[in-house]
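Please prepare a briefing on the fold, the packing and a few individual residues of the model shown here.

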Amino acid sequence: MILRMAALTSLSTVQFRVSDILGTRLKPYPQFPIRITTMSVKPFVIEARGNSRVESPKTRNRRSRKKFNGTQTKPRLSVFCSDKQLYAMLVDDFNKKCLFYASTLQKSIRGDPPCTVIEAAKRVGEELIKASVDLKINEISSYDRNGNKRGERMQAFEIAIAQHGFLP
């Protein structure tokens with residue numbers, strides 16, 4: 001106990017001024033040695049994220065469908081590509097009618113000896129052009145892929161209709 005008291009008194013004391021109502025007085029404050037330990041600290045890194053709001057192609061397509069409406073002389077070309085087939089139609093949104101419809105499932109497009117789906121998609125484009133000439137349609141209001149990517153079937157269809165001038 002005496003050793004502890006001696007150790008406390010041998011430490012230098014720092015005095016701070018403390019103010020009270022009547023004035024200032026000195027108050028002793030003992031300074032104890034601080035233990036320093038080494039700690040491994042990882043650096044704080046802030047990483048920027050990409051766009052946190054990822055919008056699906058289907059949602060984007062629904063929003064664009066509000067802007068582009070087809071009429072009887074200038075219809076909307078809507079194309080849907082499932083896992084195995086391709087479906088195309090000319091839509092008159094003003095009168096809510098389908099002016100033309102074709103798919104790779106139709107026997108008239110597939111032919112008597114069945115062809116590949118890619119060749120059938122090209123034939124769907126050719127049939128669309130024939131129908132648009134019969135309906136006296138020279139241009140379309142918009143090309144609606146329904147948020148689908150351009151696969152082999154979609155590209156074969158687009159080549160056929162681009163020759164007629166439907167695509168920019």
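The briefing below moves from the whole chain to the sheet, the helices, the core and single residues.

This is a predicted model, in which local features need pLDDT of at least 70 and side-chain atom pairs count only at pLDDT 80 or more, while totals for chains, interfaces and linings use all residues. Residues are numbered from 1 along each chain as its sequence is written, and side-chain values use heavy atoms, with hydrogens and water left out.

**Whole chain**

- The protein chain contains five helices and six strands, these being DSSP runs numbered from the N terminus (helices are H or I with at least four residues, strands are E with at least two).
- Along the sequence, the elements of the protein chain follow the pattern α-β-β-α-β-β-β-α-α-β-α.
- Of the 168 residues of the protein chain, 26% count as buried, where buried means under 20% relative accessible area, exposed means over 50%, and partly exposed lies in between (1.4 Å probe, protein chains only).
- The accessible surface of the protein chain comes to about 13400 Å², and 56% of it belongs to carbon and sulfur atoms; such areas come from the Shrake-Rupley method with a 1.4 Å probe, and for residues only the protein chains shown count as cover.
- Among the contacts in the protein chain with a separation of 6 or more, 51% are accounted for by residues 24 or more positions apart, a contact being heavy atoms within 4.5 Å.

**The sheet**

- Four strands make up an open sheet with mixed pairing, in the order β5-β4-β3-β6; two strands are taken to pair if DSSP finds at least two bridges between them.
- β5 (97-103) and β6 (142-144) stand at the edges with a single partner strand each, so one side of each is left without a neighbour in the sheet.
- On average, neighbouring strands of this sheet are turned by 15 degrees against each other, direction ignored; the axes behind such angles are lines fitted to C-alpha atoms, for helices over the stretch in contact, and angles run from 0 to 180 degrees between N-to-C directions.
- Strand β4 (residues 86-92) pairs with β5 in the antiparallel sense over six bridges, and M89 stands opposite Y101 in β5.
- β3 and β4 also pair in the antiparallel sense over six bridges, with C81 opposite L86 in β4, and a hairpin joins β3 to β4 through four residues.
- β3 and β6 run parallel and are joined by three bridges, and S78 stands opposite D144 in β6.
- β3 is mostly covered, since five of its six residues are buried.

**Helices on the sheet**

- Helix α4 (residues 117-134) lies across β3 (76-81), β4 and β5, and runs at about 150 degrees to β5.
- Helix α5 (residues 152-162) packs on the sheet, where α5 touches β3, β4 and β6 and has a direction that makes about 155 degrees with that of β3.

**The nonpolar core**

- The largest nonpolar core has 24 residues, of which L77, L86, L128, F157 and I161 touch the most other members; such a core is a set of buried Ala, Val, Leu, Ile, Met, Phe, Trp, Tyr and Cys residues joined through side-chain atoms within 4.5 Å.
- At least two residues of this core are supplied by each of β3, β4, β5, α4 and α5, and the largest share, six residues, comes from α4.
- Not counting residues up to four places away in sequence, L128 touches L77, L90, F100, F157, I161 and F166.

**Single residues**

- S78, which is found in strand β3, is buried with a relative accessible area of 9%.
- Leaving aside neighbours within four places in sequence, S78 is in contact with Y87, A88, M89, V91, D144 and N146.
- The structure holds one aromatic pair; the rings of F80 and Y87 have their centres 6.1 Å apart and their planes at 25 degrees, so the pair is stacked.
- For that term, rings of Phe, Tyr and Trp (its six-membered ring) pair if their centres lie within 6.5 Å, and planes under 30 degrees apart count as stacked, over 60 as edge-to-face and the rest as tilted.
- F80 counts as partly exposed at 34% relative accessibility, and Y87 counts as partly exposed at 22%.
- A162, found in helix α5, counts as partly exposed at 38% relative accessibility.
- A162 and I129 are 33 residues apart in sequence and 9.9 Å apart in space, C-alpha to C-alpha.
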